[in-house]
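Subject: Structure handover

Hello,

Please find the sequence and structure below. My notes on what was found follow after that.

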Amino acid sequence: MNDEGTIRRRPRLKTLAAAAAGVAVVGAAVFWWVVTPPRFEDGGRTLPQVADADLVARGKYIAELGDCVACHTTADGKPMAGGRGLETPFGMLYSTNITPDPKTGIGRYSFGAFDRAMRKGVTADGTHMYPAMPYPSYAKMSPDDMYALYVYLMKGVAPVDSLNRPSGIGFPFNQRWTLAFWNQMFLDSHPFVADAGKGEVWNRGAYLVQGLGHCGACHTPRGIGFQELAMGDAGASGDKFLSGSKVEEWNAVNLRGLGDVDDTVELLKTGQNRFGTVSGSMTEVIHNSTQNFTDADLVAIATYLGGLPTDQPRAPRPATPETGIPAAMFTTRGGLAYAQFCADCHRLNGAGVAKVFPPLGGNPTVAAKDPSTLVHITLTGWTTAQTQAHARVFTMPGFARLGDDEIADILSFVRASWGGGAAPVTAAQVKGARATLDPKVDTRSFDTPRIADVLKEPNASQLVRGMRLNTETHTLLPKNVGNVLNCSSCHLNAGTVADGSPYVGVSAFFPSYAPRAGREITLEDRINGCFLRSMNGKPLAKDGDDMKAMVAYFDWMKRETKPEDKVEGRGVGKISQAIKPDTENGGRVYAAQCAVCHGSNGEGIKDAAGAFVYPPLWGDQSFNIGAGMARTYTAAAFVKRNMPIGFHGGFPLGQGGLTDQEAVDVAEYFSHMPRPDFAPKVNDWPKDKKPADARY
């Protein structure tokens with residue numbers, strides 16, 4: 001069994017350490033306590049010589065309901081062989097081998113010994129387990145389920161000869177005999193008793209949540225003995241059950257009264273629903289456990305949770321995910337920082353991207369009274385659960401590179417805009433979490449400008465307009481944009497991303513002589529070139545307010561850059577033209593990595609209201625020939641460094657990650673698809689030959 005107390009979910013770390021400390025102190029005061037020799041009954045059940053296949057299959061499902069594999073299997077280890085480590089403030093613990101190996105596992109356990117270990121936390125040799133092994137919850141299992149699990153572990157799991165690693169817990173926390181007193185105080189080892197006043201579905205959900213699912217281990221607050229304040233919804237403390245708890249800078253959210261059954265079922269089955277995605281260690285629970293539950297069991301769980309009374313207000317849940325842009329987006333530091341660092345994934349309206357990036361409106365993490373999880377995710381990043389429904393894993397990078405004040409500003413803006421009145425986040429809260437978590441900080445030298453700083457400038461309103469014209473181009477300039485692109489479709493994070501053709505320092509290099517064009521080009525010419533060649537539209541008036549706003553925004557990003565300077569991160573880099581493209585592989589790369597955002601046939605993706613979220617890569621609404629994206633190797637260089645987003649934990653978008661060959665292959669694939677033309681292209685190179693990789 002989980003003899004060494006290794007925790008399935010990281011948030012139980014402090015709980016385990018505190019429980020060990022609590023029972024040791026109490027035990028010292030009752031040193032005379034005598035632990036009787038192990039006594040248990042087999043209840044007439046023995047291990048069958050030839051296990052029934054149906055019984056083994058049932059036991060395997062029960063093991064999934066209890067998420068046994070998560071604790072008892074290391075990342076590269078054999079199933080159930082133990083060895084997964086847990087670092088505590090008092091030393092390291094390791095999970096134990098629960099394969100049927102007779103020497104190092106549980107192969108010699110009778111059913112009675114197994115049952116006692118699961119219900120009372122005492123191994124066959126009389127050793128007490130730490131209650132981090134959730135035996136107080138497993139005690140609620142029915143005798144039949146317990147027996148099926150026993151048969152599965154003995155007959156359905158391959159034996160592994162693997163010695164258990166000794167714990168590194170020192171005195172007095174290694175005095176396990178004190179746990180007998182803890183059990184006397186806090187353990188009810190009796191199986192679950194159905195509530196006759198409730199229906200079959202509700203009772204099945206209660207049985208799973210209170211017992212095998214051991215949801216309370218994370219989601220129920222703890223008492224003075226570090227015990228769960230309630231093991232179920234009944235009794236004087238029943239209202240504390242699943243009411244939420246903070247551990248390890250995570251806020252295990254209040255699960256009471258979750259509401260819509262279908263939403264809860266979808267979350268447990270796929271790791272996400274229309275209001276959010278799971279985070280932290282819950283991704284592991286979804287991956288190993290709940291995605292394998294039957295639909296009937298998921299409905300039962302959702303029914304039970306939704307029926308638990310709660311007085312905690314929840315975030316207002318919009319009827320549709322398409323909401324307006326908050327007014328404070330462009331007038332506050334938090335709003336502008338959100339527009340810069342968060343909007344590419346979560347969108348300016350907070351609606352997110354269906355099945356990719358979670359929405360913020362109605363999201364329980366955003367609205368939670370305790371913002372710990374929100375702060376934790378922002379500092380350390382986030383990864384979606386890998387499930388059969390969503391095999392592609394998406395990431396959010398950690399934003400620890402931002403300062404405590406910046407993160408507090410962003411999260412306060414998010415909570416004010418979509419959190420239903422949730423309290424602001426303070427810089428002190430972020431600082432405290434940072435000290436506890438000690439997140440890694442991206443140390444690349446590219447200095448990302450902070451758009452929030454434009455509020456300090458005397459022409460702040462003009463600069464904000466210039467920024468918005470880059471991020472909302474086709475919405476704000478419908479007469480000048482002939483497709484659905486924005487400038488930020490290529491110039492990510494409003495032009496502040498290294499190797500994403502950033503605007504940083506650009507205006508210092510204009511006007512400049514272009515040898516191929518045979519003429520001098522001004523910044524206004526370059527901007528209008530994008531409107532004509534990328535956006536298939538019409539140029540801006542050079543003396544108009546919109547052009548002046550865009551130029552002012554570029555000039556603000558120039559900062560101290562001089563014409564002779566080399567700005568690190570400028571442009572999109574280069575990729576070797578010696579790499580020969582494989583178009584067939586490019587199609588495969590596109591399907592695996594690009595289609596989720598740009599459509600299976602390059603058509604882009606839209607929200608429920610029909611507005612484009614990410615643009616097409618070919619077809620009538622795509623770019624025409626501009627920005628070099630119709631050239632294989634320029635497009636490949638951009639893709640190599642900037643696509644796909646959400647691929648890893650790198651700041652600020654988790655962007656990039658394909659090999660050079662994959663980037664060339666997919667660039668050749670999409671750059672040669674049909675799209676609008678630009679007739680004046682014939683005059684592009686009056687003084688020089690056209691590039692070898694140009695498609696026209």
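Backbone and burial notes

Asn493 is buried, as its relative accessible area is 1% (buried means under 20% relative accessible area, exposed over 50% and partly exposed in between, with a 1.4 Å probe and protein chains only). This is a predicted model, in which local features need pLDDT of at least 70, side-chain atom pairs count only at pLDDT 80 or more, and totals for chains, interfaces and linings use all residues. Residues are numbered from 1 along each chain as its sequence is written, and side-chain values use heavy atoms, with hydrogens and water left out.

Asn493 belongs to helix 21 (residues 492–495); helices (H or I, at least four residues) and strands (E, at least two) are DSSP runs, numbered from the N terminus. Asn493 is not a glycine, yet its phi is positive, near 50°. Phe226 is another non-glycine residue with a positive phi, of about 65°. Phe226 sits in the loop between helix 9 (216–219) and strand 3 (245–247), and its relative accessibility of 29% makes it partly exposed. For background, most residues other than glycine have a negative phi, and most peptide bonds are trans.

Two peptide bonds need a note as well. The bond from Phe171 to Pro172 is cis, with omega near 5°, and Pro172 is in the loop between helix 6 (143–155) and helix 7 (179–186). The bond from Met643 to Pro644 is also cis, with omega near -10°; Pro644 is in the loop between helix 25 and helix 26.

Helix 26 covers residues 660–671, twelve in number. From first C-alpha to last, helix 26 reaches 16 Å, close to the 16 Å expected at 1.5 Å a residue (the expected span is 1.5 Å times one less than the number of residues). Its buried residues are Ala663, Val664, Asp665, Val666, Ala667, Glu668, Phe670 and Ser671. Helix 24 (583–598) and helix 25 (632–642) are among the elements that cover them, where contact means heavy atoms within 4.5 Å.

The buried ones are Ser372, Thr373, Leu374, Val375, His376, Ile377, Thr378 and Leu379. Just after helix 16, Gly381 has a positive phi of about 95°.

The axes of helix 16 (residues 372–380) and helix 18 (residues 427–437) come within 10 Å and cross at roughly 60°. Axes are lines fitted to C-alpha atoms, for helices over the stretch in contact, and angles run from 0 to 180 degrees between N-to-C directions. The two helices are therefore oblique to each other (angles under 35 degrees count as roughly parallel, over 145 as roughly antiparallel, 65 to 115 as roughly perpendicular and the rest as oblique). On the helix 16 side, Val375, His376, Leu379 and Thr380 meet Val430, Ala433, Arg434 and Leu437 of helix 18. By class, this contact has five nonpolar, two polar and one charged residues (Ala, Val, Leu, Ile, Met, Phe, Trp, Tyr, Cys and Pro count as nonpolar, Asp, Glu, Lys and Arg as charged, and the others, Gly among them, as polar).

Last, Arg116 in helix 4 (residues 111–120). Arg116 counts as buried at 11% relative accessibility.

Regards
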